[in-house]
Amino acid sequence: MCWIFGYKWVKKNAQNILLNWLRKLEYRGYDSAWIAVWNEKWDFSIVKAKWKISNLASEIENEKWDFNFWISHTRWATHWWVALENCHPHTDSKWKFTIVHNWIIENFSKLKKDLVEKWYKFYGETDTEVIAKLLEENFDWDLFITVEKVLPKLEWAFALLVMHKDFPWDIVWVKYWSPLVFWEQKWEFYFSSDIWALWGVIENVIYLEDWDLVFVKWDEFIIKSEWKLTQKPFEKIDIDLTVAEKWDFKHFMLKEIFEQPEILRRLYWWRIDWEENKLVANALQELEHLSIKKITFVACWTSYHAWLLGAYWLENFAWMDVKVEVASEFIFKNFNVSKDRLFIFISQSWETADTIEALKLVKERWWNTFWIVNVVGSTISRMTDTWMFLRAWTEVWVASTKAFTAQCWIIFLLALYFWKNKNSEKNLSHKEFLEKISDLKKIPNILEKILWDFEKIKNISKKIFKYQNFFFLWRHYQLPIAYESSLKLKEISYLHSEAYPAGELKHWPLALIDEDFISVIFAPNDSFLNQNISAMQEIKARKWKVLLISDSDEIEDFWADFTIKIPEISEDFYPFLTTIVWQLLSYEIADLLWKDIDKPRNLAKSVTVK
Ligand code: F6R
């Protein structure tokens with residue numbers, strides 16, 4: 001989740017350039033940041049600052065560094081608390097090595113114990129400091145040889161940058177799992193955990209693979225892959241980041257919420273061929289030759305919620321056998337592979353460690369994998385057999401909004417695809433297909449209507465933001481959205497919230513409710529209306545508070561304490577509407593509570609650690 005950036009040998013006074021790049025990558029971790037530069041004493045001048053990049057910017061405001069070799073880093077703390085002694089870069093006992101590290105060394109406690117027995121003293125608690133001391137212990141008078149000696153002792157996973165005071169022109173980069181890209185031209189060397197930082201600055205990169213090492217010596221470099229010399233091609237950076245600006249919105253999150261209708265509209269025209277009346281995606285053609293009857297969906301949290309919803313659609317439309325797995329648990333399972341099973345993964349950020357590991361496990365068993373991913377050139381899209389792009393434009397800040405709705409949208413199309421092509425029990429007729437896609441077409445306009453009514457949502461937020469607990473009781477297609485809405489609220493407002501299937505209320509969660517709770521009931525005017533209203537009455541009978549969301553014209557007659565009326569739509573599509581309503585409510589509640597919405601505490605955008 002940390003992010004490393006290295007920049008060697010070009011512009012002097014590069015601190016503002018680096019600060020800008022750090023700002024671009026701040027979403028990956030904002031517990032601390034630093035910048036370092038080689039100084040005239042052949043040593044590093046290092047400035048560290050806790051928390052945001054703006055703190056670092058004020059620390060270095062008056063520095064006039066006139067040097068050519070720069071590195072920088074933002075950190076999301078994995079080991080020990082956020083204190084300057086735990087901030088990178090780390091060093092050995094003689095202050096010779098300077099190292100930066102992304103991801104986690106899993107065997108660090110054992111390594112540390114061995115080093116302590118050899119009388120090494122530690123100033124902090126990080127796993128990175130252990131690498132520094134290990135380099136010292138194995139020092140072989142050559143930086144590259146020393147790094148090569150130490151690497152086999154480290155248990156995954158990492159990207160590392162290593163320098164040594166006595167070899168000021170050398171630098172070693174290692175990639176094992178954690179993403180890393182590299183670019184060199186005319187003595188300029190750029191290394192970054194993320195292509196986004198480099199976008200707009202350079203056009204091509206080398207994507208390093210696991211166990212790639214890059215040795216830079218003065219103005220030359222070599223790459224070793226699995227210990228052998230190799231050459232790698234430069235590839236064009238192909239990402240759409242033109243919308244990574246906040247415009248006039250108060251927060252990135254709000255801007256990303258408002259982008260949703262347009263993203264869905266574009267996805268619609270892009271994925272549906274109106275001449276032929278069919279879905280368009282090369283990836284779908286690749287599926288034609290597989291006889292798939294069963295699907296396992298794998299993802300992490302918000303993306304996992306999108307799969308939960310997808311499972312309802314696939315089971316209902318295509319009658320398929322669908323399993324939904326959360327990646328961090330799936331990796332411990334003895335999962336079944338069979339010829340008719342496809343494993344489908346989904347990720348917005350493209351670098352989620354747990355999901356990547358799950359993918360690797362499936363691939364080790366040579367099984368069919370399919371990815372839905374948001375960014376071209378990402379680690380995931382480079383690893384899988386078949387993939388489909390979300391094209392939700394880059395989601396910049398932490399709380400996922402537009403990527404989630406785009407995921408649901410694509411999954412809906414996938415469900416139609418399987419319904420049409422893979423289901424022998426009840427095939428999708430052309431008429432049904434046209435009905436579904438013409439309903440789908442209405443959604444962006446309906447979402448816009450909800451957005452135009454933001455003032456109404458603001459008014460409701462003002463009435464409920466002082467409650468300490470929220471309880472989402474939804475059912476059927478709405479249940480995954482209840483999980484997601486509950487997550488959204490707690491993620492940015494830090495309020496306690498839970499989500500349950502509405503039918504389970506009487507099985508025990510009712511015991512939890514008291515006057516500090518708002519129970520949120522979604523009761524659309526569909527076949528479940530009466531059951532949902534009954535759940536509401538069970539709560540009202542105890543005089544606790546209810547917020548009712550419904551498209552029913554009788555909404556005011558149900559005696560809820562607070563109501564939100566949403567437009568009517570066929571029941572398959574309610575999830576899009578309720579999602580956006582709760583994104584807005586969560587946003588507004590967090591804003592009323594003065595929370596740092598784009599940078600919620602303890603979080604980072606991409607979870608690149610296990
Ligand atoms: C919540 C959120 C996370 C991510 C999860 C998986 O708003 O963003 O729960 O959904 O970390 O991330 P991706 O989809 O990037 O693999």
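Modeller: Happy to! Let's begin with a term: a residue counts as buried when its relative accessible area is under 20%. Also keep in mind that this is a predicted model.

Biologist: Okay, so is Lys436 buried or exposed?

Modeller: Lys436 has a relative accessibility of 17%, so it counts as buried.

Biologist: Nice. Let's switch to the ligand. Which residues come nearest to the ligand?

Modeller: There are 15 residues around the ligand, and Ser303, Ser347, Ser349, Thr352 and Glu491 come nearest.

Biologist: What kinds of residues make up that shell?

Modeller: The shell around the ligand has six nonpolar residues, seven polar ones and two charged ones.

Biologist: What about the ligand's oxygen atoms, which part of Lys488 lies 2.8 Å from one?

Modeller: For Lys488, that is a polar side-chain atom. Backbone atoms take part too: a backbone N or O atom of Ser400 lies 2.9 Å from an oxygen atom of the ligand, and a polar backbone atom of Thr302 is 3.2 Å from an oxygen atom of the ligand.

Biologist: How much of the ligand's accessible area does the protein cover?

Modeller: On its own the ligand has 410 Å² of accessible area, and the protein covers 89% of that.

Biologist: Which elements give two or more residues to the shell?

Modeller: Those are helix H10 (301–318) and helix H16 (478–493).

Biologist: Why do you say the ligand lies between two domains?

Modeller: Because domain 2 (249–447) and domain 3 (453–610) both give residues to the shell around the ligand.

Biologist: What does Val362 touch?

Modeller: Not counting residues up to four places away in sequence, Val362 touches Phe330, Phe335, Phe343, Phe345, Trp367 and Thr369.

Biologist: And how far apart are the C-alpha atoms of Val362 and Val337?

Modeller: They are 8.5 Å apart, while Val362 and Val337 are 25 residues apart along the chain.

Notes: Residues numbered from 1 in each chain as written. Predicted model: local features only at pLDDT ≥ 70, side-chain atom pairs only at ≥ 80, totals over all residues. Heavy atoms only, no water. Buried < 20%, exposed > 50% of the residue type's maximum accessible area, 1.4 Å probe, protein only. Near = heavy atom within 4 Å. Polar contact = N/O pair within 3.5 Å; in protein donor to acceptor, adjacent residues only side chain to side chain. Areas by Shrake-Rupley, 256 points an atom, 1.4 Å probe, with all protein chains shown as cover. Helix = DSSP H or I, 4+ residues; strand = E, 2+ residues; numbered from the N terminus. Nonpolar A, V, L, I, M, F, W, Y, C, P; charged D, E, K, R; others polar. Domains from an automatic or database assignment. Contact = heavy atoms within 4.5 Å.
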